[in-house]
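Subject: Structure handover

Dear colleague,

I am passing on the structure we spoke about, and my notes on it follow below. Please read them with the model open beside you.

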2 protein chains.
Amino acid sequence: MNTAQASAILREVGLRDGLQSIARVLPTAHKLAWIRDAYAAGQREIEIGSFVPARLLPQLADTAELVAFAKTLPGLVASVLVPNLKGAERALEVRADAMLLPLSASHAHSLANLRKTPDEAVADVARIVDLCHAQRADTLVEVGISTAFGCTLQGEVKPSEVLRLVQAVLDAGADRVGLADTVGYADPLMVSRLFEQVLKVAGDKLNCGHFHDTRGMGIANVMAAWNLGITRFDACLAGIGGCPHAPGASGNVATEDAAYLFASMGVHTGIDFDRLMRLRADVAQWLDGETLHGTLWCAGLPKTMLNQETL
Amino acid sequence: MNTAQASAILREVGLRDGLQSIARVLPTAHKLAWIRDAYAAGQREIEIGSFVPARLLPQLADTAELVAFAKTLPGLVASVLVPNLKGAERALEVRADAMLLPLSASHAHSLANLRKTPDEAVADVARIVDLCHAQRADTLVEVGISTAFGCTLQGEVKPSEVLRLVQAVLDAGADRVGLADTVGYADPLMVSRLFEQVLKVAGDKLNCGHFHDTRGMGIANVMAAWNLGITRFDACLAGIGGCPHAPGASGNVATEDAAYLFASMGVHTGIDFDRLMRLRADVAQWLDGETLHGTLWCAGLPKTMLNQETL
């Protein structure tokens with residue numbers, strides 16, 4: 001058990017990973033309210049959107065406007081997903097605090113999703129790092145190794161390939177790296193083993209776990225990584241972000257359930273439960289008709305935690 | 001990580017803990033089919049029902065008939081819940097392989113649920129053990145310490161009280177003891193701490209974890225106990241067994257999700273996934289209109305596991 005760490009960070013990725021997998025376009029006003037209220041509920045890292053062409057993801061076309069608003073909230077780390085050099089240029093223009101570069105450890109998924117091989121994606125990371133340096137930008141460059149635990153297209157993804165790519169992106173100058181179970185194939189033993197190996201290569205530059213709850217292992221996987229000293233996790237309010245290959249399947253780990261996990265263990269996340277639940281109710285209304293997930297919202301906090309103001 | 005244990009046992013408790021919390025009475029023919037098909041799917045421990053007065057739980061009034069059928073299935077461990085001496089007499093009459101005696105560590109819950117104090121329940125355990133000895137019965141006596149992690153009525157339940165009661169029921173002659181998170185208050189850190197303490201008192205007589213997924217921590221809690229060497233867990237197909245204090249909240253850990261957890265980690269449970277999923281579909285039809293839970297059923301097995309015949 002990890003008891004050395006007194007706090008954990010939950011990065012809200014509902015506005016990006018969540019909304020990109022839902023066909024409808026959430027109005028910008030709702031997204032602004034989401035960012036405002038997530039901040040008010042104590043969340044201090046939010047993945048605001050993605051700089052991909054609007055024709056590919058019209059759901060995220062307002063990312064620049066959202067980042068501009070996020071930048072007005074003191075202490076909020078506003079990150080954006082960036083698939084290529086062009087996206088990175090836009091992220092730098094809006095002065096995003098961090099950019100997340102996806103790099104798929106599955107060759108098949110990399111070609112299908114990014115239309116480049118993993119090694120071509122590594123070369124892009126190097127170019128983007130160079131761009132940041134040239135502009136003397138203080139935007140953090142984080143690489144998310146997706147399909148790190150397996151892939152719906154390719155099947156198995158070898159840990160040795162994940163290790164090779166982590167080393168390559170660190171050599172290319174990435175500030176941080178995270179491991180993502182994009183399709184929900186991971187179990188706690190896989191998480192322990194892979195994080196343990198990658199920690200040996202990356203040390204504290206490995207500082208994000210991104211888990212989907214597609215097969216019900218999400219919270220257990222968060223816990224497995226936490227036990228190795230990982231303190232930063234992606235999560236989506238109401239567990240949105242389902243996999244297109246499994247209609248109705250759960251998406252990302254639900255923010256509220258992950259916040260409850262940590263709060264119950266006495267680990268500070270800074271999240272105000274009541275505010276987060278009110279925001280969840282708003283999001284549920286905005287996304288009326290979509291399948292939401294998460295478990296805590298229904299039962300509420302245990303009697304033993306009701307007087308805690310902040311989780 | 002627990003790697004010393006090569007197999008885990010999932011006791012199906014859907015027919016008891018699941019059905020007792022659902023108002024409708026499932027016809028005996030469906031229950032017989034459930035037992036038959038769970039056995040065919042590889043399950044070798046099933047909590048068949050409960051010997052409580054039929055006026056209190058009409059859903060479980062056919063327990064004797066079901067045990068008689070279960071006894072015809074070679075190698076199946078048929079257990080029944082027994083709330084008092086009278087129930088134990090009936091369990092011995094039908095030659096149940098094991099009887100589960102609930103004992104609530106919460107004084108308030110004990111009075112509300114069993115109409116006796118925890119210490120009066122300990123005295124009952126002693127009387128039941130004596131009865132078994134007098135009849136030279138080979139029925140195992142297992143005590144389930146319920147509300148071991150907290151209580152919706154009383155709030156906090158002190159670990160010291162759980163330890164005291166475990167020692168008392170072992171002194172009274174119980175063969176086995178399990179810890180139950182009856183209301184879904186536990187987190188993995190609480191599970192680690194309490195199981196660790198109880199293991200010191202009970203050793204391998206502590207051999208069951210019973211977790212509810214009310215707040216999404218079920219699988220993570222199973223994993224925390226597994227990491228301490230616990231290899232036997234209660235689970236309900238489709239996660240039925242919700243708490244009456246939290247309408248719509250998840251019930252017990254879903255059998256199929258727990259089976260997947262272990263299978264993915266290479267731990268044998270003997271469960272055939274396809275057969276279990278067909279049974280789940282039947283149960284869903286029999287319980288049409290009830291809220292079911294569990295996550296795996298929707299997405300199915302990962303591509304990497306599709307050719308495995310048995311989980």
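In helix α11 of chain B, the buried residues are Phe273(B), Leu276(B), Leu279(B), Arg280(B) and Val283(B). Seen down the axis of α11(B), these buried residues fall within an arc of 120°, so they line one face of the helix. The face of α11(B) turned away from that buried side carries Asp274(B), Ala281(B) and Gln285(B), which are exposed. As for what lies against the buried residues of α11(B), they pack against α2 (28-40), α10 and α12 of chain B. The length of α11(B) was also checked: at 1.5 Å a residue, its 14 residues (273-286) should span 20 Å, and because its end C-alpha atoms are 20 Å apart, the two values agree. Please keep in mind throughout that this is a predicted model.

After α6(A) comes Arg136(A), which has a positive phi, near 50°.

Turning to chain A as a whole, its secondary structure comes to 12 helices and 8 strands, and buried residues make up 53% of its 311 residues. A compact globule with 311 residues would have a radius of gyration near 19 Å, and chain A, with 18 Å, agrees with this. Among contacts in chain A between residues at least 6 apart in sequence, 75% join residues at least 24 apart.

Lastly, the two chains meet: 36 residues of chain B are in contact with 36 residues of chain A. On the side of chain B that touches chain A, α8 (188-202), α9 (218-226), α10 (255-264) and α12 (296-299) of chain B each supply at least two residues, and the largest share, 4 residues, comes from α10(B). The residues of that side of chain B divide into 17 nonpolar, 13 polar and 6 charged.

With kind regards

Conventions
Residues numbered from 1 in each chain as written. Chains lettered and ligands numbered in written order. Predicted model: local features only at pLDDT ≥ 70, side-chain atom pairs only at ≥ 80, totals over all residues. Contact = placed C-beta atoms within 7 Å. Nonpolar A, V, L, I, M, F, W, Y, C, P; charged D, E, K, R; others polar. Rg over C-alpha atoms; globule rule 2.2 N^0.38 Å. Buried ≥ 20, exposed ≤ 12 C-beta atoms within 10 Å, placed from the backbone. Expected span 1.5 Å × (residues − 1). Arc of directions from axis to C-beta.
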